[in-house]
Amino acid sequence: MTKYKLKIVLATIFCMQLFHSTQAQEIPEETSLSKKEIRRQIPSYINLQFGLGVSYFRDFATSPLFYSGLTSHTAVSRYKENQDLFKNYGFSFSSGAYYNVYNDHEAVSLVRSMSLYYEYLRSINRWLPSSNIDWKVGGTINVTSNLRINESLLNNGVGFEMIPTLFASFRGTKDISRKKEVEKKIWFLKIKKRPKTRSLTGQFNIGLVNSQYRNGFAYADQSALLNDPKIFGGYEFKVFSGIRAMGSFQYTRYLKNHNAIRYSYTWEAYRTGDRDPLEMVHHVLKMTLLFNTNNKGR
């Protein structure tokens, strides 16, 4: 069995297990609420996310040199989560200027990236009854596209790629809420700490099906020489090509009005699988405003 066939089998088994887990957690027939009413009870939010990060990339199709720079990140998503379910879908946008200095020569690459994503995870706590962490497993679909402009590369100065990925996702949430009011005395001062609802969350995604739509050698192809220029001349779509992983660590503070504020650190790394690969890494600090849409909260 080739490694590609093995990956297909593993991805199929993962999807079947996820489907079985979903079916096993369906609402019992004797419940007084319908499935639709149960879904309405799940806290739902609109997320607005802002972040700043440091990123690095190297594209062997045009240059073996590393580029690095500061990047800005924004995202909008629809988010639902309770003890049994986590669902999040939306889009994100990032931009930045990446620099390389070599032999007193500075080159600048302007990069614009956009991602569409959908995450769906279910609880596995029924298999871990003694755990005080809310564990969930599932899958994530993420389609990222990059537009890179580097004038120092002349006719290879404009580059574009699309990187769709199916991830296996693992998520753990620890409730660190302060349940009762606490009084502390520091010298002559009395400090009252009121109850707070908050949580810590970690998530890790590992690519199962890594794909790419990209020119395998350089961004200038031969179509212009034939008087038939093509925007995506020489581009190929490849499945099971490359590697990709991402993760996050989040602190969430839930407010009395059922809204929330989240602070997080996220990272992402991927490498395409063609002969002259693209390598890219992101480290980002983010703040997210969660606006409750159904007045249900923690």
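Biologist: What is the relative accessible area of His 258?

Modeller: First, this is a predicted model: local features need pLDDT of at least 70, side-chain atom pairs count only at pLDDT 80 or more, and totals for chains, interfaces and linings use all residues. Residues are numbered from 1 along each chain as its sequence is written, and side-chain values use heavy atoms, with hydrogens and water left out. His 258 sits in the loop between β12 and β13 (helices, H or I with at least four residues, and strands, E with at least two, are DSSP runs numbered from the N terminus). His 258 counts as partly exposed (buried means under 20% relative accessible area, exposed over 50%, partly exposed in between, with a 1.4 Å probe and protein chains only), and its value is 24%.

Biologist: Near what angle is the phi of His 258?

Modeller: Most residues other than glycine have a negative phi. His 258 has a positive one, near 75°.

Biologist: And which loop holds Phe 240?

Modeller: Phe 240 also has a positive phi, near 55°. With 14% relative accessibility, Phe 240 counts as buried. Its loop is the one between β11 (235-238) and β12 (243-254).

Biologist: How many residues lie between β13 and β14?

Modeller: Strand β13 (residues 260-271) runs antiparallel to β14, and 12 bridges join them (two strands pair if DSSP finds at least two bridges between them). Ser 264 stands opposite Lys 286 of β14 in this pairing. The two strands form a hairpin, and the number of residues between them is six.

Biologist: Which residue in β14 is the bridge partner of Gly 53?

Modeller: Strand β1 (residues 44-59) is antiparallel to β14, with 15 bridges joining them. Val 54 stands opposite His 283 in β14. For Gly 53, the partner in β14 is Val 284.

Biologist: How many bridges join β1 to β2?

Modeller: Strand β2 spans residues 67-81 and runs antiparallel to β1. The bridge count between β1 and β2 is 14.

Biologist: How far apart in sequence are the parts that Glu 279 and Arg 58 tie together?

Modeller: Their side chains meet in a salt bridge at 3.0 Å, N to O (a side-chain nitrogen of Lys or Arg within 4 Å of a carboxyl oxygen of Asp or Glu). Both Glu 279 and Arg 58 are buried. Because Glu 279 lies in strand β14 and Arg 58 in strand β1, the pair ties together parts whose separation in residues is 221.

Biologist: What is the relative accessible area of Arg 171?

Modeller: Arg 171 forms a salt bridge with Glu 81 at 3.4 Å, N to O. The pair links distant parts of the chain, with Glu 81 in strand β2 and Arg 171 in strand β6 (residues 158-175), 90 residues apart. Glu 81 is buried at 13%. Arg 171 is buried too, with a value of 2%.

Biologist: How many salt bridges does the structure hold?

Modeller: Side chains of opposite charge can pair when their charged atoms come close. Some are linked in a network here: Asp 59, Arg 148, Glu 161, Arg 214 and Asp 274. The structure's total is 13.

Biologist: Which elements give two or more residues to the largest nonpolar core?

Modeller: That core has nine residues, including Phe 57, Tyr 98, Val 111 and Met 280 (a nonpolar core is a set of buried Ala, Val, Leu, Ile, Met, Phe, Trp, Tyr and Cys residues joined through side-chain atoms within 4.5 Å). The elements in question are β4 and β14 (278-292).

Biologist: Where is Leu 116, one of the residues of the nonpolar surface patch?

Modeller: Val 76, Phe 91, Phe 93, Met 114 and Leu 116 make up the patch, about 420 Å² (patch residues have over 30% relative accessible area and no salt bridge, with like charges joined within 9 Å and nonpolar side chains, Val, Leu, Ile, Met, Phe, Trp and Tyr, within 5 Å). Leu 116 is partly exposed at 49%. Its place is in strand β4.

Terms used. Accessible areas come from the Shrake-Rupley method with a 1.4 Å probe; for residues, only the protein chains shown count as cover.
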